[in-house]
Amino acid sequence: MANIHQFDVVVVGAGGAGLMAGLYASRGAKTAVISKLYPTRSHTGAAQGGISAALGNYEEDKPEWHTYDTVKGSDYLGDQDAIEFMTSEAIDAVLELEHMGLPFDRTPEGRISQRPFGGHTNNETGKPVRRAAHAADRTGHMILQTLYQQCLKNKVNFFDEYQVLDFLIVNGKAAGVVAVELATGELHTFHAKAVIFATGGHGRIFEVTSNAYAYTGDGAAILLRRGLPLEDMEFFQFHPTGIYKLGILITEGVRGEGGVLINGEGRRFMEKYAPTVKDLASRDVVSRAIYTEIREGRGVNGRNYVYLDVRPETVNKYAAMDGRTNPDGSPYTITGEQVLAKLPDIIDFCRVYLGVDPITQMMPIQPTAHYTMGGIPTNKYGEVVIDSENTVFPGLYAAGECACVSVHGANRLGTNSLLDLVVFGKHAGLKAAEYAKQADFEKLPNDAEAGARSQFEALRTASGKQNAFDISTELKKVMFDDVGIYRSEKGMKEAINKIRELQERFKHVRVTDTGRIFNTELLNAWELGNMLEIADVVAECALNRKESRGGHSREDYSERDDQNWLKHTLAWKKDGRVKIDYKPVVITKYQPKKRVY
Amino acid sequence: MQVTLKIFRYNPEVDKQFHYETYTIEAEENDRILDLLEHVKGYKDGTLSFRRSCAHGVCGSDAMRINGRNMLACKTLVRDIGDRITVEPLLGLKVVKDLIVDMEPFFDNYKKVLPYFINDSPLPADGRERLQSPEQRARFDESTKCILCAACTTSCPSFWASDQYYGPAALVTAHRFIFDSRDEAAAERLHIVAETDGLARCHTAYNCTMACPREIPITKAIGELKLATLTGKIE
């Protein structure tokens with residue numbers, strides 16, 4: 001037992017939430033941040049369009065409007081106390097990032113610039129409001145860089161390229177984690193009083209996704225294996241505009257700047273589905289609209305994609321038709337140079353991957369698996385809760401995409417993810433440090449590494465009759481086809497059978513690389529195991545919820561059913577099967593009503 | 001189409017020295033080089049090791065030499081390269097295994113230039129943002145794009161000669177803060193980059209600018225730093 005480290009707080013994951021947690025926890029406790037990547041490789045860096053806060057730098061805005069928009073966006077499944085907490089902290093959170101040096105774009109007056117985003121409105125007029133604070137179309141990159149830099153400044157301890165494999169529980173409390181150091185293959189035990197999971201989502205279980213390879217649901221799967229529940233796993237967001245076939249994200253900021261969706265007949269279609277905000281409806285609504293167009297034969301050339309058009313002549317034409325104005329009241333217009341300045345990365349992606357120049361050509365897009373609304377259940381302080389009474393698990397915290405507070409409910413609004421990870425990353429860090437101050441270290445189990453070792457051992461000694469890549473490919477396809485944007489009982493039952501078959505086949509996967517140094521084959525196989533665990537829960541929870549709400553659209557139950565389903569799902573794994581329970585949604589000010597954009 | 005993919009291989013636990021393996025695989029024009037590597041790893045040789053994450057050019061994990069030039073494997077398509085493709089690890093950093101190099105010297109250099117915002121003056125009295133005009137913000141825009149992939153630094157002959165040289169990526173980071181009107185540590189950073197292992201080691205080879213997958217005009221940024229150290233002015 002050579003490699004034992006002791007820290008008051010251990011943070012798992014070094015994206016926006018993990019870094020924020022690490023930064024705050026390290027002010028009050030001896031803290032380590034462990035990541036399977038170098039921190040600056042984390043997926044927060046792929047976020048593009050902005051982070052929301054009612055700064056009101058261009059026009060009137062209020063945190064209350066932000067709250068209502070988020071509640072409505074969540075299709076009333078978000079917990080309103082948590083949402084109110086997040087939006088009331090939003091302004092300070094964004095200003096804090098600026099104070100840390102984040103290079104936001106600026107208004108002519110030198111304040112933080114803001115752009116409109118889907119579902120964010122002036123509640124009085126119903127029109128889009130400029131709420132998304134942005135740094136070109138690389139806002140997430142700037143958040144990730146800035147937080148990492150601040151962590152360096154504050155001498156946070158990092159363990160880069162360490163993959164956490166197991167969570168240690170002693171006497172019903174957090175006791176640490178076990179990780180493998182990728183460069184050496186050695187196991188390390190991190191003995192801790194408090195553990196914060198900030199491990200991101202699991203979009204890689206779907207065939208077409210905007211998510212990084214790293215997004216394999218590791219944190220959620222680790223806790224599931226240790227008997228903890230996951231919340232609202234049926235809710236997964238499909239972003240309307242991914243690059244056709246590749247799934248690479250094209251920010252909603254394109255539509256914020258005036259871009260419109262065009263079907264195969266050359267017509268704008270969002271006005272049919274969202275008469276007031278049109279192309280800036282929330283993501284679930286827009287993704288379904290695109291699918292409906294495609295299914296009714298109005299995809300481009302009969303194929304499964306439509307166009308996103310941000311050519312200045314198109315933007316200006318529809319802006320005039322919609323009566324869109326600048327903050328000073330003049331008609332809104334845009335030039336090719338302005339498009340390039342505001343969306344440089346998007347232009348670059350299209351040129352590189354499609355050979356298309358968005359200033360003069362339309363972009364072929366299709367919905368892409370994007371964001372995990374469900375996850376590890378927490379309260380608004382980032383404390384992990386483990387049942388329908390919200391009982392806190394001592395010493396365990398989660399924040400960011402891996403967590404389910406729930407502020408996003410059934411559908412997340414664009415720009416709320418970056419806000420989520422900054423706000424709840426901070427509070428998880430603060431709470432964990434506070435907890436660590438009064439808690440003692442639990443005694444480590446005799447063989448703390450046993451759980452991690454046995455998982456690796458299975459992958460090294462199986463029969464080798466099955467290929468991990470085949471299993472992975474088949475899983476992603478069935479999840480995208482049958483547990484994707486539209487779902488039905490028949491499709492989901494088939495998907496569950498397929499997942500079971502794949503889980504059986506996975507037992508025969510043997511890693512051919514027998515080495516220790518950077519055994520990425522072993523790591524990838526282990527990640528596949530996580531994806532299978534998570535996909536099973538997603539599919540079972542989706543089959544179980546017999547209604548349509550937000551990102552969960554059932555063809556056989558097409559309406560929202562508040563009578564029976566205005567409740568969160570909690571799911572456990574017991575003897576290899578998913579067990580489901582529920583917990584109530586917190587409703588404070590806003591009673592559910594029909595959701596129209 | 002069929003492509004011939006020649007890959008640098010080195011497994012320190014088995015090999016005494018590196019060698020190349022050649023794979024013939026079916027590919028499409030629009031496939032990323034990363035897709036080909038994934039295919040090889042999945043179906044030809046699971047031991048092939050490389051870093052990757054975002055797969056669309058924003059995380060900086062998969063910088064490597066492709067037909068002799070530093071590129072991101074996820075941002076380089078078969079149609080850009082043709083059907084004979086050679087993939088090798090970055091130069092100037094120790095090869096750990098196959099396409100994975102030891103990134104520590106690179107990040108150590110990054111840390112030398114105080115790579116974080118410094119402003120100890122009181123915040124605006126209203127608690128709001130520090131003001132910055134769009135023009136002031138534009139001044140350092142390009143150097144905020146850096147993803148720390150190391151393509152620039154490992155293309156630099158001076159860095160090949162000595163990894164004590166901070167290298168272009170660290171200098172771009174210095175530029176990002178020195179030219180940020182809100183930052184207060186410009187003088188200190190200029191002092192650091194003016195040391196022997198800093199700007200003096202840049203001989204304007206332009207390799208870094210050519211290698212940057214984010215199209216940062218790195219040589220220009222370094223030139224601006226050189227000028228600032230000479231004149232003492234940040235303009």
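**Cores, domains and local geometry of the predicted model**

Within the largest nonpolar core, which comprises 136 residues, Ile51(A) and Ile85(B) touch the most other members. A nonpolar core is here a set of buried Ala, Val, Leu, Ile, Met, Phe, Trp, Tyr and Cys residues joined through side-chain atoms within 4.5 Å, and buried means under 20% relative accessible area, with exposed meaning over 50% and partly exposed in between (1.4 Å probe, protein chains only). The model is predicted, so that local features need pLDDT of at least 70 and side-chain atom pairs count only at pLDDT 80 or more, whereas totals for chains, interfaces and linings use all residues; side-chain values use heavy atoms, with hydrogens and water left out. Residues are numbered from 1 along each chain as its sequence is written, while chains are lettered from A and ligands numbered from 1 in the order in which they are written.

In soluble globular proteins, nonpolar side chains tend to be buried together.

The division of chain B into domain 1 (2-101) and domain 2 (104-231) follows bounds that come from an automatic or database domain assignment. The C-alpha centres of these two domains of chain B lie 29 Å apart, and 13 residues of domain 1 are in contact with 15 residues of domain 2, where contact means heavy atoms within 4.5 Å. Leaving aside residues up to four places away in sequence, Ile85(B) touches Val3(B), Thr4(B), Leu5(B), Lys6(B), Ile33(B), Leu36(B), Ile66(B), Asn67(B) and Val78(B).

In chain A, helix H13 (residues 450-461) and helix H16 (residues 520-544) pack at an angle of about 110 degrees, with their axes 10 Å apart. H13(A) is therefore roughly perpendicular to H16(A). The residues that meet are Gln455(A), Phe456(A), Leu459(A) and Arg460(A) in H13(A) and Leu522(A), Ala525(A) and Trp526(A) in H16(A). Axes are lines fitted to C-alpha atoms, for helices over the stretch in contact, and angles run from 0 to 180 degrees between N-to-C directions; those under 35 degrees count as roughly parallel, over 145 as roughly antiparallel, 65 to 115 as roughly perpendicular and the rest as oblique. Helix H16 of chain A also holds Glu540(A), which is buried, with a relative accessible area of 18%.

Most residues other than glycine have a negative phi, and most peptide bonds are trans. Ala55(B), although not a glycine, has a positive phi of about 70 degrees; Ala55(B) is found in the loop between helix H1 (33-44) and strand E3 (63-66) of chain B and, at 6% relative accessibility, counts as buried. Leu114(B) likewise has a positive phi, of about 55 degrees, and counts as buried at 13% relative accessibility. In chain A, a cis peptide bond with omega of about 5 degrees joins Val405(A) and Ser406(A).

Key. Helix = DSSP H or I, 4+ residues; strand = E, 2+ residues; numbered from the N terminus.
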